[in-house]
Amino acid sequence: MCVVCGCAETEHEHGHDHSHDHGHDHGHGHGHGHVHSSHGDLHFGAGAARVSVPGLSQERTIRLEADILGENNRIAARNRSHFAAHGVNALNLLSSPGSGKTTLLCATIDALRARHAGMDISVIEGDQQTSFDAERIRATGVPAVQVNTGKGCHLDAPMVAHAFAQLHSHAHDPAHPGDRSLLFIENVGNLVCPALWDLGEAAKVVLLSVTEGEDKPLKYPDMFAAARLMVLTKIDLLPHLRFDVARCIEGARRVNPGIEVIQLSATSGEGMGAWLDWLAGADDDTGPVGA
C-alpha cells in the first residue's frame, strides 16, 4: 500500500532504501512476492507484506511499514486524546472520488441544524489540490480547514493534528464536560490507501455510490474491513442502474461481518434520518475501529 510506495516516506528513507535494497533484492530475485494463477493472472499481494515494491524485499517492506505506521499511530493516539478532551467526536469519511462525500456533508450539516440547533460542527477536507470542497463546506457556515496532500493519496495523523489546531485552538473548558461536537474528516478520494491510516477518529465510514458497482467491497476489501459503517449513496439513481444492493451488502459483510449499512440519498433525503441516528451514537466506542 502507499506506506511503501513513496508518498509517506521521508527523503532520507527513500534514498537509503532504494540504493541499498534494490541491488540486494534484484540479485537474489525475491523482491516481488507475486504468484501466477492457472489462467496466467498475476497476484502481487501474495507475499508476507501483501504488496510488491521494486527494490524492496518482503521483509524490508514489512519493517518499513511498521516504522512509518508506528509513528503515525503514536500521533493518532494523541489526536484521540485531544479530541476526547475537547468533547469532539471525529469521523473519518472515506470513498473513491465522486461518491458524494461533500454533498452528503452539506446535506448532513443542514439536517443536523434542523434537529440539533447550535450543534458545533467542523470539517477537515483532504484533497491533493484545490480548496473547492472546503469552500462548499464554509458556504454552509461551518468552519473547514483544507489539507492539500500534493502527491499524497491519503491524510495522516500529523496532518489532522495540524488541521485540528486550526479549528480548535481554544483550551478545553472543564466547566462544560458534557458538550459534544462533531468533526468530519473527509479523506482523499481513494478506496485503497486511507484504510491503513489511523487519524485518531472514533470510526471510519466508507461511502459507496451505487454508480460504482456492487463488487467494490470484494475488489477493495481492506477499506470495507476497516470501516464501521458503509453508506450506500445516490440510491435515488437505483431505478436507472443495474446495481444489486443485496449482493453489495453481502460482499461487504463477507470481508467485515460486523459492518453496519445505511442506504441514503443526499438529494432526496431518503435514509437521512437513519444516518443522523447513527451519528448520534457513533461516539459510543472511541477506540480505533478496524485498526
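# Close-up views of a predicted model

**View 1. Aromatic pairs in the predicted model.** A search of the whole structure, which is a predicted model, finds 2 aromatic pairs. Phe 83 and Phe 164 form one of them, an edge-to-face pair with 4.9 Å centre to centre and 80 degrees between the planes. This pair links distant parts of the chain, as Phe 83 belongs to helix H2 (residues 58-85) and Phe 164 to helix H5 (residues 157-167), 81 residues apart. Phe 83 has a relative accessibility of 3% and therefore counts as buried. Phe 164, at 2% relative accessibility, counts as buried too. Trp 275 and Trp 278 form a stacked pair, with 6.0 Å centre to centre and 10 degrees between the planes. Both of these tryptophans lie in helix H9, 3 residues apart, which is about one turn of the helix. Trp 275 and Trp 278 are both buried.

View 2. The protein chain has 9 helices and 9 strands. Seen in this view is an open sheet of 7 strands, with parallel pairing and the order E5-E4-E6-E3-E7-E8-E9. Strand E5 (144-148) and strand E9 (260-263) stand at the edges; each has a single partner strand, so one side of each is left without a neighbour in the sheet. From one strand to the next, the twist averages 20 degrees. Helix H9 lies across E3, E6, E7, E8 and E9, and runs at about 145 degrees to E9.

View 3. Strand E6 is mostly covered, with 6 of its 6 residues buried. The cover extends to both faces: Ser 181, Leu 183 and Ile 185 are buried on one side, and Leu 182, Phe 184 and Glu 186 are buried on the other. E3 and E6 run parallel and are joined by 6 bridges. Asn 89 has Leu 182 in E6 as its bridge partner. E4 and E6 also pair in the parallel sense, over 6 bridges. Here Ile 185 in E6 is the bridge partner of Ile 124.

**View 4. The pairing of E3 with E7.** Strands E3 and E7 pair in the parallel sense over 4 bridges. Within this pairing, Leu 91 stands opposite Ala 203 in E7. Both Leu 91 and Ala 203 are also in contact with Trp 278.

**View 5. The largest nonpolar core.** In soluble globular proteins, nonpolar side chains tend to be buried together. The largest nonpolar core of this model has 30 residues, and those with the most contacts inside it are Leu 91, Ile 137, Phe 184, Val 205, Trp 275, Trp 278 and Leu 279. Two or more residues each come from strand E3 (88-94), helix H3 (101-115), strand E4 (120-127), helix H4 (132-138), strand E6 (181-186), strand E7 (203-209), strand E8 (229-233) and helix H9 (272-281). H3 gives the most to this core, with 6 residues. Apart from this core lies another, of 19 residues, among them Leu 232, Phe 243, Cys 248 and Ile 259.

**View 6. The surroundings of Trp 278.** When neighbours within four places in sequence are left aside, Trp 278 is in contact with Leu 91, Ala 203, Val 205, Arg 228, Leu 229, Glu 260 and Ile 262. Leu 91 and Val 205 are, like Trp 278, among the residues with the most contacts inside the largest nonpolar core.

**View 7. Val 188 in the loop between E6 and E7.** Val 188 is found in the loop that lies between these two strands. Its relative accessibility is 6%, so Val 188 counts as buried. Not counting residues up to four places away in sequence, Val 188 touches Ser 95, Gly 126, Asp 127, Thr 149, Cys 153, His 154, Leu 155 and Pro 194. The C-alpha atoms of Val 188 and Asn 148 are separated by 9.0 Å, and these two residues are 40 residues apart along the chain.

**View 8. The protein chain as context for the close-ups.** Of the 291 residues of the protein chain, 47% count as buried. The chain exposes about 13800 Å², of which carbon and sulfur atoms supply 53%. Among contacts in the protein chain with a separation of 6 or more, 70% are accounted for by residues 24 or more positions apart.

Notes:
Residues numbered from 1 in each chain as written. Heavy atoms only, no water. Core = buried A, V, L, I, M, F, W, Y, C linked by side-chain atoms within 4.5 Å. Buried < 20%, exposed > 50% of the residue type's maximum accessible area, 1.4 Å probe, protein only. Contact = heavy atoms within 4.5 Å. Areas by Shrake-Rupley, 256 points an atom, 1.4 Å probe, with all protein chains shown as cover. Pairing = 2+ DSSP bridges. Axes fitted to C-alpha atoms, helices over the stretch in contact; angles between N-to-C directions. Phe/Tyr/Trp six-rings, centres within 6.5 Å; stacked < 30°, edge-to-face > 60°.
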